[in-house]
Amino acid sequence: MFILIVGCGRVGSSVARAMLREGHTVSALDEDPESHARLEVGLEKSWEDLGGQFTVGAGLEAEALEAAGIDTADVFIASTDGDNTNIIISQIAKRRYGVPTVIARVLDPLRAEWYARQGLQTVCPTRVAIDMLETAVRDSAGRQDG
Amino acid sequence: MYIIVVGAGKVGWNLARELLEKDHEVTLIESDRRRYMTVEQELEHNVSYGDASELWVLERAGIQRADMVIAVTGDDEDNMLICQVAREKYLVDQIIARVNNPRNRQHFDLLGIKPSVSATDLILRLLEHEVPEYGLVHLLDLQEEQLEIIEMLLGKDSGVTGRRVGDLHMPEGSLLISVLRAGKGFVPTADTVLEEGDEVLAVLDPGKEDDLKALFGPEGDGGIASG
């Protein structure tokens with residue numbers, strides 16, 4: 001599968017590396033040229049030598065998305081540090097480029113939930129943290145009661 | 001009318017002030033604390049502090065009963081998201097979005113965020129008007145109707161001077177609608193011969209400007225097929 005990841009922070013770069021290791025074709029797009037170094041953390045060879053692609057550009061720029069290969073992408077992951085950017089570029093990937101699988105990282109649970117109801121696949125790390133913390137507190141309360 | 005304006009920069013602040021003077025009810029939302037404090041000194045309770053892309057901030061501002069939402073922040077993604085949520089989640093009748101980077105206009109259109117306003121585009125239009133050698137002037141853009149009307153001045157090196165209108169191979173989706181010559185306008189017929197100094201008006205599908213420019217410009221061959 002060809003996976004395009006926009007936003008190469010801690011999350012984006014880790015997902016990119018994992019997918020590359022699993023044998024997928026991975027292209028990463030980020031505004032900051034320095035983020036290329038983050039892709040190579042823990043790698044024995046360079047990102048390119050391992051078959052990865054890296055493009056510098058903003059996720060809202062059609063030219064950058066096209067240079068990163070959006071036209072042939074099977075999966076599009078929006079993981080920049082901006083919720084609104086992720087929501088908007090995911091819709092562009094879906095509607096304009098017809099990417100079959102589009103996933104947006106959205107930190108704000110309210111926005112994540114509403115856009116999910118509109119048919120956008122969202123992943124909300126904040127929601128995950130809330131659920132885990134609630135479960136941890138309940139478990140501990142259960143142990144103390146019992 | 002109840003109008004929510006998002007972004008208290010120069011545009012948003014002045015807009016809110018004008019709307020208040022016209023007796024509208026206005027809430028201006030600003031996410032930068034210091035900017036909010038400054039604007040609040042003048043507009044008082046008409047300003048609200050918060051990030052308007054957070055749904056609860058919009059709800060606190062009373063978006064459910066808003067007649068209009070105007071997003072004029074300096075960030076195109078924010079403007080798009082706020083307008084999309086306003087219209088699709090809160091069913092606000094009227095939205096207006098500011099486009100900061102004209103290259104993002106296509107995204108606003110894709111997401112159905114209309115009307116959108118770009119200062120750069122407006123100034124470019126003005127420039128086209130003020131600098132005639134630019135060649136082609138946009139007179140009217142009917143975005144919804146997918147048509148525009150443009151004006152072109154025929155220089156002495158234009159490829160179409162001295163040619164019959166009927167002989168021009170106008171690009172598909174374009175039509176010559178009038179000729180202004182010596183201060184007088186008329187509707188050309190197939191037998192009209194174009195002259196240097198003519199201003200021609202054409203109606204066309206968006207995106208055909210370059211074809212027309214090629215036809216009427218200095219390098220133009222009048223669209224006459226050779227051989």
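Predicted model: local features only at pLDDT ≥ 70, side-chain atom pairs only at ≥ 80, totals over all residues.
**View 1. B:Ile3 stands opposite B:Met68 in S4(B).** Residues are numbered from 1 along each chain as its sequence is written, and chains are lettered from A in the order in which they are written. Strand S1 (residues 2-6) of chain B pairs with S4(B) (residues 68-71) in the parallel sense over 4 bridges. Strands (E, at least two residues) and helices (H or I, at least four) are DSSP runs, numbered from the N terminus; pairing requires at least two DSSP bridges.

**View 2. S4(B) is joined to strand S5 (residues 94-98) of chain B.** The two strands run parallel, with 4 bridges, and B:Val69 stands opposite B:Ile95 in S5(B). From S4(B) the chain passes through helix H4 (residues 76-88) of chain B to S5(B), a right-handed β-α-β crossover (clockwise from the first strand over the helix to the second, with the strands pointing away from the viewer).

**View 3. Helix H4(B) is mostly covered.** Of its 13 residues, 11 are buried (20 or more other C-beta atoms within 10 Å of the residue's own, C-beta atoms being placed from the backbone). Among them are B:Met80, B:Leu81, B:Ile82 and B:Val85. The covering elements include helix H4 (83-95) of chain A, together with S1, S4, S5, helix H3 (55-60) and helix H5 (105-110) of chain B; contact denotes C-beta atoms within 7 Å.

How values were computed: Buried ≥ 20, exposed ≤ 12 C-beta atoms within 10 Å, placed from the backbone. Contact = placed C-beta atoms within 7 Å.
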